[in-house]
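Please look at the sequence and the structure below, and then read the report that follows them.

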Amino acid sequence: MADRARPRGSGTAVRRHRRARRVAPPPSWTVLGMLLVVLAGVLLVDAYANAAFVPERRPAGTGQDRVPDEVVQGGPIISAGDERTRSYRLPPRTVSLTFDDGPDPYWTREVLRVLDAHQVRATFFVLGAQVARHPELVREMSAAGHEIGVHTFTHPDLSTMPGWRRRMEYAQTQLAVAGAAGIRSSLVRFPYSSHAHALDDRDWPLVTEAGDLGYLTVLNDTDSRDWALPGVERIVENATPSGYAGAITLWHDAGGDRAQTVEALDRFIPLMKARGYEFTTVTGGLNQALAGAGVQHEVIGNPAASVGDRWRGRMLGWAVRGADRTMSGFGLLFVVVGVLTVGRTALLFLLAGRHARRRRARDWTWGPPVTEPVSVIVPAYNEKEGIAAAVRSLATGDHPGGIEVVVVDDGSTDGTADIAEGLGLPNVRVVRRPNGGKPSALNTGVALARHDLIVMVDGDTILERDSVRRLVQPFADPQVGAVAGNVKVGNRDSLIAKWQHIEYVIGFNLDRRLYESMRCMSTVPGAIGGFRREALVYAGGMTDDTLAEDTDITMALGRAGWKVVYEETARAWTEAPATMGQLWKQRYRWSYGTMQAMWKHRRSLLDRGASGRFTRRCLAFLSLFGVLLPLLAPVIDLMALYGLFFLDSTATAVAWLAMLGLQALTAVVAFRLDREKLGVLWVLPLQQFVYRQLMYLVMLQSVVTALTGGRLGWQKLRRTGLAPAERGGAADQPAALTNPLP
């Protein structure tokens with residue numbers, strides 16, 4: 001093939017050097033626990049700052065038996081507590097503009113612009129959460145001479161909350177203001193408050209409590225009702241006091257579209273000035289009233305905050321902004337995961353479905369039947385439980401050209417070689433060698449193999465009688481260098497095994513149809529894979545550069561220009577890990593080894609010809625769907641949990657079920673294409689709550705290990721051996737397995 005070249009960096013057949021390796025660490029539940037605690041903290045901070053814990057507003061009460069008459073009939077500024085209760089009004093022809101619910105990064109600036117243009121100072125009753133998010137606005141307000149008041153941290157109905165929550169609302173707002181502008185506030189305005197004559201028995205304890213805490217409660221004389229968007233003229237009319245009475249007017253600089261507010265404000269200020277009104281802050285007007293009454297006392301609205309409060313306020317702001325940014329990042333990642341998931345599903349349905357239909361067409365053929373003899377290499381290390389069944393299934397295959405089985409015992413200590421020799425099968429050779437690792441054992445077997453068509457099978461894998469024959473048929477195409485077989489989970493009794501069975505059918509075999517269609521097959525599985533000897537020579541043989549030697553060699557073949565295809569009818573039955581610990585070791589090795597292979601072949605991204613084309617496609621798919629998607633997939637669960645508790649639970653549940661439905665649809669398609677029974681899919685929903693979480697942790701720790709440059713040793717799994725019944729029995733298996741193996 002003119003476009004085929006030996007890939008750079010493929011190395012020699014056997015690496016002479018050895019790198020120091022360490023054992024794969026166990027699942028880091030401590031790390032996972034710490035990560036979950038941090039994420040929970042971020043979610044709680046963001047939920048609190050967004051008023052997720054605020055109870056619903058209760059209807060207003062009617063009784064005023066506990067409210068003093070001088071308050072009901074008094075002014076909008078109230079000083080109450082254990083001592084004497086007083087209320088105050090602003091002097092005639094004096095107006096104070098007060099704004100609630102800010103600061104808002106857009107509308108507050110618009111309000112400040114109008115105030116500055118008319119040289120007017122106002123009082124802003126701020127929400128602590130908003131101050132934490134936009135501290136620069138509070139600094140600008142304070143520097144411009146405007147006054148800051150407390151409007152709680154999250155805008156709750158304070159009458160529905162216990163005392164400690166109310167005090168926390170005030171204190172956290174004070175800290176936010178201190179961190180933003182270095183000041184405190186002596187003014188408070190309760191959410192949903194109104195005029196003094198509207199105070200009832202439910203509200204009065206809040207006023208006295210605030211007085212005991214050192215606050216002046218500020219209500220209003222006129223309410224612009226700008227939140228209702230009644231129109232500019234109506235807003236001005238609502239805010240205008242009768243006659244020449246002094247007034248505290250209520251406006252809003254946040255909470256929605258405040259365009260009418262800004263325009264009305266621009267009209268209201270000149271109008272009131274033309275009527276002889278003076279504009280001042282709340283404490284400015286109060287001090288005028290006190291002076292007019294002969295009281296020698298000046299109220300300071302914004303005294304300086306202590307250094308400690310300033311630092312605590314800054315840390316509070318960092319926490320809120322950090323939580324907001326984290327959640328914004330999660331939202332972006334949620335979109336990315338959704339796009340990747342839907343994109344992958346669409347590709348699977350389109351290309352994998354087309355692949356299956358093409359293969360099942362009556363006129364489909366790879367070419368003339370392949371009848372050349374085949375050498376099957378079985379690397380074995382301590383495989384006494386399954387080696388006899390595996391070798392017997394290989395040696396008795398129905399390939400017409402004949403099958404040679406080469407068992408390479410890689411220094412086993414459990415009698416694996418003796419068991420294989422004891423079978424007495426004439427077409428089986430057993431080679432004993434010191435332990436050197438699976439890649440070296442495979443290279444040894446290839447060197448000793450007599451034939452040019454080579455099949456590699458793990459020592460714990462059982463093949464169907466026709467599997468070898470079917471596996472080598474694609475070699476009728478001279479461009480095919482390797483063939484991936486169809487790996488099946490044999491031990492499907494346990495819940496963990498059922499989950500792996502689903503994963504094998506969906507994640508491995510369905511994906512291989514897609515990758516063949518895209519000419520970017522990344523892995524010929526070690527459980528069953530066919531190779532042309534010429535292709536192995538081109539690729540440089542098996543290496544121990546990675547823990548995924550099957551991925552490494554497959555990528556090398558693709559770079560060399562060979563076609564790598566998938567033959568779904570060549571089935572191999574393997575024993576899946578039976579415990580979470582064993583599963584962790586296996587998947588950790590797979591994930592880490594795949595990333596090693598990707599890193600090894602990264603330089604060929606810029607190659608020309610077949611090498612560059614294959615690598616760009618292969619690494620793009622592996623990066624997006626093999627690393628990035630599994631790494632980011634927890635965002636789906638995280639946002640689902642957040643939404644169930646703090647957002648619209650119905651909409652969240654529907655979205656999560658839609659994602660589960662998409663997975664279920666993919667599973668049904670995959671099972672149909674692989675001619676598997678659908679009954680096992682009842683465990684798919686459970687897979688979302690346990691199995692997926694383990695896979696998240698596997699991928700996360702694999703990435704961390706890769707980034708830190710660690711190298712892992714091969715992790716031998718404990719095997720129990722596959723009995724014929726464990727391979728599903730006649731009811732669950734295709735016809736080729738209904739007859740017991742010899």
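Strand β14 and strand β17 (residues 528–532) pair in the antiparallel sense over five bridges, where two strands count as paired if DSSP finds at least two bridges between them. Helices (H or I, at least four residues) and strands (E, at least two) are DSSP runs, numbered from the N terminus. Within this pairing, leucine 453 stands opposite arginine 532 in β17. With β11, in contrast, β14 pairs in the parallel sense over four bridges, and here leucine 453 is the bridge partner of valine 374.

Strand β14 (residues 453–457) is largely enclosed by the rest of the structure, because five of its five residues are buried, that is, under 20% relative accessible area, whereas exposed means over 50% and partly exposed lies in between (1.4 Å probe, protein chains only). In a regular strand the side chains alternate between the two faces of the sheet. In β14, Leu453, Val455 and Val457 point one way, while Ile454 and Met456 point the other way, and all are buried.

## How the model is described

This is a predicted model, in which local features need pLDDT of at least 70 and side-chain atom pairs count only at pLDDT 80 or more, while totals for chains, interfaces and linings use all residues. Residues are numbered from 1 along each chain as its sequence is written, and side-chain values use heavy atoms, with hydrogens and water left out.

## The whole sheet

Eight strands form an open sheet with mixed pairing, in the order β13-β12-β11-β14-β17-β16-β18-β15. Its edge strands, β13 (428–433) and β15 (462–463), each pair on one side only. Strands β11 (residues 374–380) and β12 (residues 403–410) run parallel and are joined by seven bridges, with isoleucine 377 standing opposite valine 406 in β12.

## Helices

Helix α6 (residues 163–181) has 19 residues, which at 1.5 Å a residue should span 27 Å, and its end C-alpha atoms are 27 Å apart, so the two values agree; the expected span is 1.5 Å times one less than the number of residues. Just after α6, glycine 182 takes a positive phi of about 75°.

Threonine 551 lies in helix α18 (residues 549–559) and is buried, with a relative accessible area of 2%. Leaving aside neighbours within four places in sequence, threonine 551 is in contact (heavy atoms within 4.5 Å) with Ser522, Thr523, Thr594 and Ala597. Tryptophan 318, in helix α11 (residues 307–359), is partly exposed, with a relative accessible area of 49%.
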